[in-house]
Amino acid sequence: MDVSGAVAVVTGGAGGIGRAIAAQLIERGAFVMLADVADTVSVVASELGCRAWQGDCASEDGITELLARTRAELGEIDLYVANAGIAGARGLGASDADWDAVLDINLCAHIRAAQALIPTWQARGAGCFVSTASAAGLLTQIGQAGYAVSKHAALAFAEWLSITYGEDGIQVACLCPMGVRTELLMAGLDSADPAERVASRSVAEAGELLSPEYVAACVMDAIDDGTFLILPHPEVAEMFQMKGSDYDRWLRGMRRYQAWLRAEAGTHDNT
């Protein structure tokens, strides 16, 4: 897909990977609607030179309003980057509400956006949907069941979209990085909660911490090339192959890695 002149929506755009993707889309000539629940989204949009929408990027009503606003101000949507996400509760979570929150934002937001966009894109024979998942979608996430499950599901949904609509001219890509220098990860590394530090360190210690700008450049390359799986950390592919070739060995290795992280953090919390 040529993004020059394209109309793009980027959710979770007030910072981190979302902001970096928006900046590179704008640099390449796209017209961007930056969406985020944070009130700073308008400031960021002003800095980047694009439009802004503040609201819930996960709810059906919020997505309907976001798409309507984008079409009214910029025109028909060509590219949707479902980037908004949260870490969710640690461990198993304390309630259904914990699971509802992480699944709603990390998965259902993608489903609702696709439901609203795919019919129009099918009729046009063109469109591009970019899903931000995580290496956790291919591997797992130590310490946060909700995050691991929701990212697995986001990847599975993106795969399904590609298989089902790829012959209709609809391009789908799924971003699966490990550690990226975002506020979400850095806050976890500095957390007073040892369990949160373990969860964040499990990502940060597994590979190089990349800049959001580098990750965004990987996304641009994938859009240009029509690549589905975006792996800014190429070693994730090797880890995934190891996981698939000997699942029990991989699980044992992950348990050892978790034990080491917990010993370093001074916690043995399994909640």
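Two bridges join strand S6 to strand S7 (residues 229–230), and these strands run parallel. Strands pair here if DSSP finds at least two bridges between them. Helices (H or I, at least four residues) and strands (E, at least two) are DSSP runs, numbered from the N terminus. The model is a predicted one, so to speak of local features a pLDDT of at least 70 is needed, side-chain atom pairs count only at pLDDT 80 or more, and totals for chains, interfaces and linings use all residues. Residues are numbered from 1 along each chain as its sequence is written, and side-chain values use heavy atoms, with hydrogens and water left out.In S7, Ile-230 is the bridge partner of Leu-175.

Staying with S6 (residues 170–175), six of its six residues are buried, so the strand is largely enclosed by the rest of the structure. Buried means under 20% relative accessible area, exposed means over 50%, and partly exposed is anything in between (1.4 Å probe, protein chains only). In a regular strand the side chains alternate between the two faces of the sheet. In S6, Ile-170, Val-172 and Cys-174 point one way, while Gln-171, Ala-173 and Leu-175 point the other way, and all are buried. S6 also runs parallel to S5, and six bridges join the two. Here Gly-127 stands opposite Ile-170 of S6. To get from S5 to S6, the chain passes through helix H5 (residues 145–165), and this β-α-β crossover is right-handed. Right-handed means that, with the strands pointing away from the viewer, the path from the first strand over the helix to the second runs clockwise.

A right-handed β-α-β unit is also made by S4, helix H4 (residues 96–124) and S5. S4 and S5 run parallel and are joined by four bridges; Ala-82 has Ser-131 in S5 as its bridge partner. S4 is parallel to S1 too, with three bridges between them, and the bridge partner of Val-9 in S4 is Tyr-80. Both faces of S4 are covered: Leu-79 and Val-81 lie on one side, Tyr-80 and Ala-82 on the other, and all are buried.

Val-3 is found in the segment before strand S1 (7–11). This valine is buried, with a relative accessible area of 4%. Leaving aside residues up to four places away in sequence, Val-3 touches Leu-25, Arg-28, Gly-29, Ala-30, Leu-79 and Ile-223. A contact, in this sense, means heavy atoms within 4.5 Å. Val-3 and Gly-29 are 26 residues apart in sequence, and their C-alpha atoms are 6.8 Å apart in space.

Next come the aromatic rings. A pair of aromatic rings is described by the distance of the centres and the angle of the planes. Rings of Phe, Tyr and Trp (its six-membered ring) pair if their centres lie within 6.5 Å; planes under 30 degrees apart count as stacked, over 60 as edge-to-face and the rest as tilted. By this rule there are four aromatic pairs. In one of them, the rings of Tyr-80 and Phe-129 have centres 5.8 Å apart and planes at 15 degrees, so the pair is stacked. This pair links distant parts of the chain, with Tyr-80 in strand S4 (residues 79–82) and Phe-129 in strand S5 (residues 127–132), 49 residues apart. Both Tyr-80 and Phe-129 are buried. For Trp-160 and Tyr-165, the ring centres are 5.8 Å apart and the planes are at 80 degrees, so the pair is edge-to-face. Trp-160 is partly exposed, with a relative accessible area of 45%, whereas Tyr-165 is buried at 16%. Another ring, that of Trp-250, has the charged end of Lys-243 sitting over it, 4.7 Å from its centre. A charge sits over a ring if NZ of Lys or CZ of Arg is within 6 Å of the ring centre and within 35 degrees of the ring normal.

Helix H7 (residues 194–204) is mostly covered, with eight of its eleven residues buried. Among them are Ala-195, Val-198, Arg-201 and Val-203. The cover over the buried residues of H7 includes helix H6 (183–189) and helix H10 (247–265).

As for the whole chain, there are ten helices and seven strands. Of its 271 residues, 47% count as buried. Among contacts with a separation of 6 or more, residues 24 or more positions apart account for 69%. A compact globule with 271 residues would have a radius of gyration near 18 Å, and the chain has 18 Å, which agrees. That radius is taken over C-alpha atoms, and the globule rule is 2.2 Å times the number of residues to the power 0.38. Along the principal axes, the C-alpha atoms fill a box of roughly 55 × 40 × 35 Å.
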